[in-house]
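Colleague: I would like to go through this structure with you, starting with the space inside. Could you show it to me?

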Amino acid sequence: MICAKLFCLLYRDKSYKLLKKALICFFLLMFSTRCLASPSTDSLVAALNQAIASAPAYDEVKLSEITRLKGLLVQGPAKSTGEQFFVQNDLYEQYKYYNYDSAMFYALRLQTVAGSSANKSLLVDAKLKVVFLLLSGGMFKETFDSLNVISISGMPDSLRAEYYTLMGRAYYNLADFNSDSYHTPIYNRKANLYLDSALAIYDKTSFEYLYFSAIRFLKKNESDSARINLETLLTRQNLSYHQVALTTSTIGGIYLNDGRENDAIQYLVRASIADIKSSTKETLALITLAGIVYKNGSIEDAVGYIEKANTDAGFYNARLRKVQVGNILPLIEGKMIETIKSQKQKLVIFLTLLSFLVILLACFAIVIRNQVKKLKLARAGLYEANQKQQQVNAELVKANELKALYNDQLQQINNQLSEANKIKEEYIGYFFSIDTDFLARIEKLVSSIERKLVDRKYSEIQFMLKGIEMKKEKEALLKNFDRVFVKLFPDFVAGFNSLFQEEDRVILKEDQLLNTELRIFALIRLGINDNEKIAEILDYSINTIYAKKTKLRSRTIVNKDDFEKKLIEITTLKKADTQISEV
């Protein structure tokens with residue numbers, strides 16, 4: 001045991017990194033031919049290791065329940081005999097597979113409480129609980145002495161069945177413990193008779209009937225019938241963890257006797273997990289599993305399992321289990337010692353080879369050193385040439401970057417000039433057309449007025465002047481502006497609206513190309529940013545222009561400072577040869 005712990009500590013100590021690496025290499029060589037476990041076995045073993053790590057948490061749950069039950073005894077010392085019996089019986093059940101001494105304490109107290117009552121069945125029940133613990137603790141003499149003085153005449157079937165079962169188990173355990181050719185058959189025959197008596201009483205659908213029937217089949221060497229009974233039990237959904245552990249552990253023993261170790265391992269692992277989850281410290285499954293794993297070469301797992309089994313046996317104070325652990329533990333320790341010796345020999349070989357390699361490497365180092373001296377001179381020349389080449393490359397890269405930047409800026413300027421020229425050409429053509437039409441109309445009006453003046457038709461002149469509607473003329477002028485602008489910027493309205501949420505976008509009437517708000521920002525898009533100038537063109541006050549601009553800017557989804565920049569980025573002319581038709 002000490003050797004095993006020493007090996008594990010040595011292996012895990014980080015100060016022995018080189019030793020760890022060497023040991024890992026040799027372990028891989030040693031176990032390279034080892035058979036791989038099935039995926040299901042691997043997952044069960046992982047679950048078992050996890051359960052072992054979580055064992056303190058499961059024990060904490062049991063201790064919490066024990067504390068609660070002890071509190072009931074403290075709170076109600078004046079309880080009736082029956083009530084005291086049942087509370088202390090619950091405490092006994094909690095300790096039954098957890099701790100021998102505590103369970104015995106409450107079993108003896110049950111005897112005391114039951115002895116003060118007129119109910120003889122309670123006293124027999126308490127005595128059988130003491131017997132169960134004596135048997136679990138491996139105290140055969142005391143077990144038989146106690147059973148021989150118990151009278152079950154007139155007792156309920158449940159107590160009689162339990163008495164016969166304990167008798168049968170006691171003789172079976174004694175037969176296994178002695179394991180000789182003379183006494184063992186005698187004990188087994190007696191055990192069979194008692195177990196037959198118990199089976200005659202048990203309900204044939206109960207767990208006890210099916211389980212002990214399986215045990216009876218095993219003793220008659222009818223392992224297939226026993227396994228059928230046990231597998232039938234495993235299909236039940238209401239089994240406790242302890243019942244699962246009993247069933248799977250027994251199936252594992254059957255497979256082990258049949259030489260089917262892989263199948264046995266799976267059931268023994270399940271039994272061990274159930275024992276841990278139920279905080280059962282009086283258990284055989286983990287001890288048996290440690291022995292199988294040890295024989296298969298998984299020394300580290302075997303050490304972990306046997307240590308856990310030994311700790312549980314010591315905690316429970318199970319004498320028989322301690323003996324069973326003692327039978328396996330020296331074998332595992334011996335194997336660990338052999339492994340350490342073997343690894344030590346291999347480590348010596350490894351270090352010898354390593355020393356040879358170091359010497360060889362030293363020779364190579366001398367040769368390489370001479371070559372390096374020759375290379376340094378050539379490298380110095382190459383380095384200088386490389387530095388010059390890098391400098392030239394850096395200058396070329398910088399020149400190319402400046403050229404690319406210059407080209408980008410030049411392209412932007414060309415695009416802006418092209419756009420400005422296009423706008424200028426279109427609007428100059430537009431205004432020449434407007435001015436020509438306007439001058440023709442003025443000339444026609446002046447000629448008419450002159451004729452009327454010559455004819456002294458002043459009333460007709462007054463009528464003509466009243467017929468001139470400046471508001472309509474202004475509206476016509478703005479509509480002409482809208483047509484020209486939309487032809488120059490066909491995507492302006494859509495681009496403008498993309499700067500706002502759906503509910504804040506400009507919705508034009510059916511006959512509108514632009515409205516007042518759009519005209520304000522159309523003029524800004526054309527480069528007219530002065531509020532006074534915009535107000536003069538659109539015939540609004542400066543305050544009105546400012547208010548409309550502020551209102552729209554406040555609703556935009558882009559940064560307010562970038563609003564006009566985004567406005568300028570709206571697509572301009574779609575085609576370079578766009579021409580405005582005569583307005």
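Colleague: How much space lies in the largest cavity?

Modeller: The largest cavity of this predicted model holds about 30 Å³ of space. On a 1 Å grid over the protein atoms alone, a cavity is a set of points where a 1.4 Å probe fits but cannot get out. Grid points are joined across faces, edges and corners, and the volume is the space filled by probe spheres set on the points.

Colleague: How many cavities of 30 Å³ or more does the count give?

Modeller: The count comes to one cavity of 30 Å³ or more.

Colleague: And which residues line the largest cavity?

Modeller: The lining consists of Ser272, Asp275, Ile276, Thr280, Thr283, Leu286, Lys308 and Asp312; a lining residue has an atom within 4 Å of a point. Two of the lining residues are nonpolar, three are polar and three are charged. Here Ala, Val, Leu, Ile, Met, Phe, Trp, Tyr, Cys and Pro count as nonpolar, Asp, Glu, Lys and Arg as charged, and the others, Gly among them, as polar.

Colleague: Which helix gives the largest share of that lining?

Modeller: Helix H14 gives the largest share, with three residues. H14 (261-277) and H16 (299-316) each supply at least two lining residues. Helices are DSSP runs (H or I, at least four residues), and strands are runs of E of at least two, numbered from the N terminus.

Colleague: Lys308 is on that list. Why does Lys308 count as buried?

Modeller: Lys308 counts as buried because its relative accessibility is 14%, and buried means under 20% relative accessible area (1.4 Å probe, protein chains only). Lys308 is placed in helix H16. Leaving out residues up to four places away in sequence, Lys308 touches Ala55, Ile276, Lys281 and Leu286, where a contact means heavy atoms within 4.5 Å.

Colleague: On to the whole chain: how many helices and strands are there?

Modeller: The chain has 24 helices and zero strands. Of its 583 residues, 37% count as buried.

Colleague: Where is confidence lowest and where is it highest?

Modeller: The lowest mean pLDDT (the predictor's confidence in each residue, from 0 to 100) is 40, in helix H1 (residues 2-12), and the highest is 93, in helix H10 (residues 183-201). The pLDDT is below 50 over residues 1-39, a stretch with 39 contacts beyond near neighbours in sequence.

Colleague: What rules apply to numbering and atoms?

Modeller: Residues are numbered from 1 along each chain as its sequence is written, and side-chain values use heavy atoms, without hydrogens and water. Local features need pLDDT of at least 70 and side-chain atom pairs 80 or more, whereas totals for chains, interfaces and linings use all residues.

Notes:
1 Å grid on protein atoms, 1.4 Å probe; cavity = no way out; pocket = protein on both sides within 12 Å on 5 of 7 lines; lining within 4 Å. Buried < 20%, exposed > 50% of the residue type's maximum accessible area, 1.4 Å probe, protein only.
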